[in-house]
Amino acid sequence: MRNTLLASVIAGVLLSGCGVAEKESASNQDESVEKSGAAKIWPKLDIEVGKDPAVEKQVSELMSTMTLEQKIAQMIQPEIRNITVEEMRQYGFGSYLNGGGAFPDNNKHATPEDWVALAEKLYQASIDDSLDGSTIPTMWGTDAVHGHNNVIGATLFPHNIGLGAANNPKLVEQIAHITAKEVMATGIDWVFAPTVAVVRDDRWGRTYESYSEDPAIVRDYAASVVKGLQGAADKDFLSDQRVISTVKHFVGDGGTVGGDDQGDNVASEQELFDIHAQGYVGGLTAGAQSVMASFNSWNSEKLHGHKYLLTDVLKEQMGFDGFVVGDWNGHGQVKGCSNTDCAQAVNAGLDIFMVPSDWKGVYESTLAHVKDGVIPMSRIDDAVRRILRVKVRAGLFDKPSPANRPLSGDRSLIGKESHREVARQAVRESLVLLKNKQGLLPLSGNKRVLVAGDAADNIGKQSGGWSITWQGTNNTNDDFPGGTSIYDGIKRHVENTGGDVMLSVDGVFEGESETPDVAIVVFGEEPYAEGHGDRETLIYQYGTKKDLALLERLKSQGIPVVSVFISGRPMWVNAELNASDAFVAAWLPGSEGAVVADVLFGEQDFKGKLPFSWPAEPQQIVNIGDDDYEPLLSYGFGLTYADENVLSDDLNTEVSVSSDNSQSVEILNGAVQSPWVLWLYSGDESLTVNASTHKVGAINYRTVDKVVQEDARKVTFDGSEFAAMRFASKSFFREDLSAQLLTNGALTFSVSRHSDIESGLTVGMNCEGEGDAPGSCSTQIDISEQVNALPLDTWSSISIDLQCFVDKGIDFTGLVVPFELGSAGKASVSLADIEFTPNAAESADISCK
């Protein structure tokens, strides 16, 4: 029955027109495409931006004067932390990017003028022909995925999952246009959006970047975002108020087995088109000028090296004539390739290497491969023609330099009030009411209202990943000037109607006289981004259930409870639903949290509908179209105030998964894991890590790549005094990790040695302490012998029996610092994958048995 439903959805996609030129017959298909079989499944698109003879003539004239070295430079895209202005002048890179968490001068609080100044310097260097002989302008690409999210003060819209709940393509086009203007105010030309993944397994850490599990919504939204960013083909296409867009990630990133980021999609080719490619039907038809290749594989073949999909399907059959850009070192994952060498990706159809730091190696190896005949010159010419075609269409040869463009440096555009008002509308329309027992909502403001939960007054948490920093972590409310928290809106509503409001994160209030009439508890997932947000189950707070305890305590006191749930995906929250009288899925609303209260207090009714099916069981992966479609709440569900409540207070809460004692406790798994916070200290100096690079006294710190982008931490000690990198619990509260001793656990971590360890390298723990000072219950274990025995610049694993720390006085019932790496001598190492691993003590490298 549900397969029939999905078939009808797909039929609607294909019959809607949306760019599929049905008049094309097989006889008109390119011969190579016919041979490949692509024409049997993939359509020839009626793309709104066609080839212009004048553009093609200009491109041909440019190419006729270019050397091989200049052409390959157009195909290289380094990152701003890894190039200098002089290197841009020397090589003339075709483009460059700022990755998540990268800012001009590594300054998180860089101003719009700072961004424009860097854009101007690199642009002028690119057109300076004194070293490379080229005057072709470069272009800057950025991940502006829910507003211009890298810039302090920008308008942050709800993440895609919330926009999907609103199901309003016109609003989404407005949002994209606003994003384009705020991006252009910082001198940037190109945005890596929209993401058009159709997620099939919500355990994937990028689920919130998907609009819906319904391919029809994704198709329509892709067209809206492309038009909002670039302008309509017949109107102001790539004008002074528009930027180049990127439909990503081609293709199937939302359908990997187990929701594994960068994993394998094993769908049939028909399913790949019907489910995962509809965003390309919408986005490419609207004229998107670039496509980003995906990290994932399709049936075990990495997309960055997939000639059939990149060339036969995307370029030849679908008719895409823009360029294909890679994702962060994605070419290095192709079989037989490395980050510095991948002829296979070029031959498959990749036009631009996104190669943040290893750009020189890629430049040199690609040059050698062309000279040796491994890469045909025709393939290089095709790639460069596509890049230059987009640059000419975008007017980069005619527009003023970045500092002199109409919107550049216009601070008034960053977080402009009219932009924020559109974001507020999006927040109001995105909220989904899942439960409303006895019509508790809408609330009356003239009551005593308790606001609780750690997300109530936390703009960073409500904004999620890709919010100033890549993972959305290490931010405070001060990092969002002009933004508002959910509590801000509740406070305003209650005070304006004569009520009393109290903020208490832990829900504690004094005496019966202060007993609230209602409690609004705002809680949910900590921020995360790709790779780091993957989960084994969709169980919320499995093993801790701190938020559930808060809800149940309030309910036991006879206080009606309204839960506002912050999340990047549907989650199994049956126990939390049972403990709530009303429950709102607020997703990740962005910088305009105050307007959540507009809906809670009845200024506007609920409009949002579930863009994803809500799971009924802890392990359930469920999508519309499944033969056994039995979610707790169906795709499209969403109450209004007039609707009857459907959820009872006795939902099943049994968890049939392994016990807590067999679970590892992660400290660093790509991102720093909650409840830990990363500090650096040297002598009397200290700071909380809030950027990708830092220097404090004797220690230098930066994020580096082990498997995925910035999943490891590199520290270099200069030997002038003792310094350390320390993971500590938030606010230095004690954490009870004694269960790890009962499971015969070990502390395990990955390490890569970059130098000899001259005078000690220690791993420490601390079970007391205040602020950043070491406490009386602390110890350090020297691992320099084990690390010095490792090969240079190679990842290895080290494990330490937890009993070693117990023997030195560590009390695991009150750990404050579970891991600290320090040295008083010269040393340089990188660390990743730090965790307490059950049943690992017997085989530990350092044992105390």
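Guide: Let us start with Cys804, which has a relative accessible area of 1% and is buried. Please keep in mind that this is a predicted model.

Visitor: Why is Cys804 called buried?
Guide: Buried means under 20% relative accessible area. Cys804 has 1%, so the label buried applies.

Visitor: What makes Cys804 and Cys848 a disulfide?
Guide: The sulfur atoms of a disulfide lie within 2.5 Å. For Cys804 and Cys848 the S to S distance is 1.9 Å, so the pair counts as a disulfide. This pair links distant parts of the chain: Cys804 sits in helix α25 (residues 802–807) and Cys848 in the segment after β31 (826–837), 44 residues apart.

Visitor: Why is Cys848 called partly exposed?
Guide: Partly exposed is the range between buried, under 20%, and exposed, over 50%. Cys848 has 32% relative accessibility, so it counts as partly exposed.

Visitor: What is the handedness of the disulfide of Cys804 and Cys848?
Guide: The torsion about its S-S bond is about 110°, so this disulfide is right-handed.

Visitor: How many disulfides does the structure hold?
Guide: There are three. One of them joins Cys337 and Cys342, with sulfur atoms 2.1 Å apart. The limit is 2.5 Å, so this pair qualifies as well. Its S-S torsion is about 65°, so the link is right-handed.

Visitor: Are Cys337 and Cys342 buried or exposed?
Guide: Cys337 has a relative accessible area of 15%, and Cys342 has 3%. Both values are under 20%, so Cys337 and Cys342 are buried.

Visitor: What makes Cys767 and Cys777 a disulfide?
Guide: Their S to S distance is 1.4 Å, which is within 2.5 Å, so the pair is counted.

Visitor: What pattern do the disulfides follow?
Guide: With bonded cysteines counted along the chain, the pattern is 1-2, 3-4, 5-6.

Visitor: How many cavities of 30 Å³ or more does a search of the whole structure find?
Guide: The search finds eleven. The largest cavity holds about 200 Å³ of space, and its lining has 22 residues, with Ala144, Val145, Asn160, Ala193 and Tyr211 nearest its centre. By class, that lining divides into 14 nonpolar, six polar and two charged residues.

Definitions and conventions:
Residues numbered from 1 in each chain as written. Predicted model: local features only at pLDDT ≥ 70, side-chain atom pairs only at ≥ 80, totals over all residues. Heavy atoms only, no water. Buried < 20%, exposed > 50% of the residue type's maximum accessible area, 1.4 Å probe, protein only. Helix = DSSP H or I, 4+ residues; strand = E, 2+ residues; numbered from the N terminus. 1 Å grid on protein atoms, 1.4 Å probe; cavity = no way out; pocket = protein on both sides within 12 Å on 5 of 7 lines; lining within 4 Å. Points joined across faces, edges and corners; volume = space filled by probe spheres on them. Nonpolar A, V, L, I, M, F, W, Y, C, P; charged D, E, K, R; others polar.
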